[in-house]
Every structure is written in structure tokens, then in C-alpha cells.
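Student: Hi! Could you walk me through this one? I'd like to start with the surface.

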Amino acid sequence: MISTRRVIGLLLVLLLTLTITFIVAFRIRGYNVVITTTNSMIPAIEKNSLSVMKICDIEEIEVGDVIVYRHSNYNVIHRVIEKYINRYGEITLVTKGDDNHTKDNVKVYSRILVGKVIKTYNGVAPIIEKMTTSTGELNIKGITEASITITIIGGLFGMLMESRKYRNKHKNEE
């Protein structure tokens with residue numbers, strides 16, 4: 001008979017494997033997962049929320065879209081408030097965080113655009129915090145630590161359940 005602890009451990013390994021497979025498959029299909037590391041997009045996107053982003057060309061972006069662009073080695077996730085053609089004929093985007101009072105100082109051109117946010121999952125902050133770096137990149141060390149933590153908790157839960165079964169079995173024998 002397989003113990004509860006072993007089943008929980010196997011399920012957690014399966015969950016981790018599926019998660020990694022899901023992220024890799026997303027990237028192959030032109031999607032990526034990004035993490036919001038600030039409060040600038042509240043209430044639409046909370047800090048440490050997970051967003052699914054579609055990699056796209058700047059021509060596909062419209063005013064009102066939430067985009068991801070790269071600036072100073074950080075992913076910035078802000079809303080497009082203006083789109084125009086500059087004097088060099090390049091499409092230029094002006095962005096602003098929903099919770100910010102002023103627009104961003106950075107003009108977004110195609111070379112720094114990463115993609116467009118298509119779905120956000122707020123409320124996963126405690127898990128995401130462990131799994132990301134300060135720049136919002138997925139952190140393999142953090143994912144490993146989170147997985148180990150979940151496995152230990154699952155193992156302790158399994159031991160607790162086995163302990164209760166043992167006590168109940170011996171209690172019934174008395």
C-alpha cells in the first residue's frame with residue numbers, strides 16, 4: 001500500500017514538472033510569463049501577480065493595452081496611453097502605471113517592446129515572491145526552494161496522517 005506522504009510527494013513532483021513544461025511550451029508558442037514587482041499597476045495588476053504576455057510587434061499594440069517593455073535590465077509592465085509616429089517614422093508608445101500620477105519618461109520603441117499582457121492572475125503573491133528575482137525574472141533557485149518547501153509540508157502532512165491512522169488503529173485494538 002502506498003503511503004499518503006509518498007502520494008503527496010509524487011503529486012508535487014508532477015505539479016512542478018507540469019508547471020515547467022507549461023512555461024516552456026508557452027515560450028515556444030510566443031507567450032511568456034512575467035511577474036509584476038511593483039504596485040504601479042494597482043488595482044488592475046497587484047504586486048507579485050503573474051501575467052501571461054504575448055510576444056508581438058509594436059504595430060499590434062493599441063492605446064489602453066498593458067504592455068511589457070525592457071528598461072535598465074527590468075521588465076516594466078504599464079498601460080499604453082498614447083501611440084504616435086515620431087519624426088523618424090518609428091511607432092512610439094507612451095506608457096503610465098495605473099497607480100502613477102505621471103506618464104513614464106521612457107518612450108517605447110519596437111526594440112524595447114517585449115509584448116502585450118493578455119491575462120493576469122492576482123493573488124498568487126506569496127508563491128510568486130519565492131519564485132522570482134527582484135527584476136521579475138523566474139528564479140530557478142526560488143522555484144526549487146518553493147518546491148522543496150511544498151514537498152516538506154506535504155511530507156509532514158503525510159506523516160501526520162500516517163500518525164493519526166496508527167493511533168486510531170491502536171486505539172481500536174485496546
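Tutor: Happy to! Accessible areas here come from the Shrake-Rupley method with a 1.4 Å probe, and for residues only the protein chains shown count as cover. The accessible surface of the protein chain comes to about 11,300 Å², and 59% of that belongs to carbon and sulfur atoms. This is a predicted model, so local features need pLDDT of at least 70 and side-chain atom pairs count only at pLDDT 80 or more, while totals for chains, interfaces and linings use all residues. Residues are numbered from 1 along each chain as its sequence is written, and side-chain values use heavy atoms, with hydrogens and water left out.

Student: Thanks. How many helices and strands does the protein chain have?

Tutor: Three helices and seven strands. Helices (H or I, at least four residues) and strands (E, at least two) are DSSP runs, numbered from the N terminus. Along the sequence the pattern reads α-β-β-β-β-β-β-β-α-α.

Student: And which strands does β2 pair with?

Tutor: Strand β2 (residues 50–54) runs antiparallel to strand β1 (residues 31–35), joined by five bridges. β2 also pairs in the antiparallel sense with strand β7 (residues 113–121), again over five bridges. Two strands pair if DSSP finds at least two bridges between them. For landmarks, V34 stands opposite S51 in β2, and V52 has K119 in β7 as its bridge partner.

Student: Now the loop between β1 and β2. Is M41 buried or exposed there?

Tutor: M41, found in that loop, is buried, with a relative accessible area of 0%. Buried means under 20% relative accessible area, exposed over 50%, and partly exposed in between (1.4 Å probe, protein chains only). Across the protein chain, buried residues make up 33% of the 174 residues.

Student: What does M41 touch?

Tutor: Not counting residues up to four places away in sequence, M41 touches V66, I77, H78, R79, K96, G97 and D98. A contact means heavy atoms within 4.5 Å. The C-alpha atoms of M41 and D99 are separated by 5.4 Å, although these residues are 58 apart along the chain. For the whole protein chain, of the contacts between residues at least 6 apart in sequence, 54% join residues at least 24 apart.

Student: D98 and R79 are both in that list. What links them to each other?

Tutor: A salt bridge, with the closest N and O atoms 2.8 Å apart. D98 lies in the loop between β5 (91–96) and β6 (107–108) and R79 in strand β4 (residues 74–85), so the pair ties together parts 19 residues apart in sequence. The term stands for a side-chain nitrogen of Lys or Arg within 4 Å of a carboxyl oxygen of Asp or Glu. D98 is partly exposed at 28% relative accessibility, and R79 is partly exposed at 24%.

Student: How many salt bridges are there in the whole structure?

Tutor: Four. One of them joins R111 to E90, with the closest N and O atoms 3.2 Å apart. That pair links distant parts of the chain, with R111 in the loop between β6 and β7 and E90 in the loop between β4 and β5, 21 residues apart. R111 counts as exposed at 60% relative accessibility, whereas E90 is partly exposed at 28%.

Student: Last topic: which residues make the nonpolar surface patch of about 260 Å²?

Tutor: V7, L11 and L14. Patches are made of residues with over 30% relative accessible area and no salt bridge; like charges are joined within 9 Å, nonpolar side chains (Val, Leu, Ile, Met, Phe, Trp, Tyr) within 5 Å. L14 lies in helix α1 (residues 4–28) and is partly exposed at 46% relative accessibility.
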